[in-house]
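Please consult the sequence and the coordinates alongside.

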Amino acid sequence: MKRALTLLILGAVLALSSTTLLAEGNAANGKTKAAACFACHGADGNAVDPQYPRLAGQYNLYLQQVLHEYKDGRRNNPIMKGFVATLSDQDIEDVAAYFSSLPTKLSTLNGHIQGDK
């Protein structure tokens, strides 16, 4: 009985961890799907205008979370909500994979967080 329970728990852990591994997205597909993002965030993900976040090199899962939050309204930005409205979960994973795979030019947060001069 104890052995069966241990095997069941181990199987559940492996099943849950494998779905995370499968949720990485495809960066090549993400580049295509992110074309609308380039106007503000830059094709290389390093926006020049400080009002737009730099996406290059951000954590994949963070980018996915943020995009889902714009999509479901937890983050309130009408422009972003419009852009993400048509994205599927796979699209979001792909776009996040693309931007997270890019090298960042953000070596410091100086001048990139609210309140900096």
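Q: What makes Phe38, Tyr98 and Phe99 a cluster?
A: Ring pairs link Phe38, Tyr98 and Phe99. Rings of Phe, Tyr and Trp (its six-membered ring) pair if their centres lie within 6.5 Å. By this rule the count comes to three aromatic pairs.

Q: Why is the pair of Phe38 and Phe99 called edge-to-face?
A: A pair of aromatic rings is described by the distance of the centres and the angle of the planes. Planes under 30 degrees apart count as stacked, over 60 as edge-to-face and the rest as tilted. The centres of Phe38 and Phe99 are 6.5 Å apart and their planes stand at 85°, so the pair is edge-to-face. This pair links distant parts of the chain, with Phe38 in helix α3 (residues 38-41) and Phe99 in helix α6, 61 residues apart. Helices here are DSSP runs (H or I, at least four residues), numbered from the N terminus.

Q: What is the basis for calling the model predicted, and how are residues numbered?
A: This is a predicted model, in which local features need pLDDT of at least 70 and side-chain atom pairs count only at pLDDT 80 or more, while totals for chains, interfaces and linings use all residues. Residues are numbered from 1 along each chain as its sequence is written, and side-chain values use heavy atoms, with hydrogens and water left out.

Q: Why is Asp94 called buried?
A: Asp94 has a relative accessible area of 1%, so it is buried. Asp94 lies in helix α6. Leaving aside neighbours within four places in sequence, Asp94 is in contact (heavy atoms within 4.5 Å) with residues including Gly25, Asn29 and Lys33.

Q: What places Asp91 among the buried residues, and what does its side chain reach?
A: At 17% relative accessibility, Asp91 counts as buried. Asp91 is also in helix α6, and its side chain reaches the backbone nitrogen of Ser88 at 3.0 Å. Beyond four places in sequence, Asp91 is in contact with Lys33 and Thr86.

Q: Where is the predictor's confidence lowest and highest among the elements?
A: pLDDT is the predictor's confidence in each residue, from 0 to 100. Helix α1 (residues 2-22) has the lowest mean pLDDT (59) and helix α6 (residues 89-101) the highest (98).

Conventions:
Helices (H or I, at least four residues) and strands (E, at least two) are DSSP runs, numbered from the N terminus. Buried means under 20% relative accessible area, exposed over 50%, partly exposed in between (1.4 Å probe, protein chains only). A polar contact is a pair of N or O atoms within 3.5 Å; within protein, one must be able to donate a hydrogen and the other to accept it, and residues adjacent in sequence count only if both atoms are side-chain atoms.
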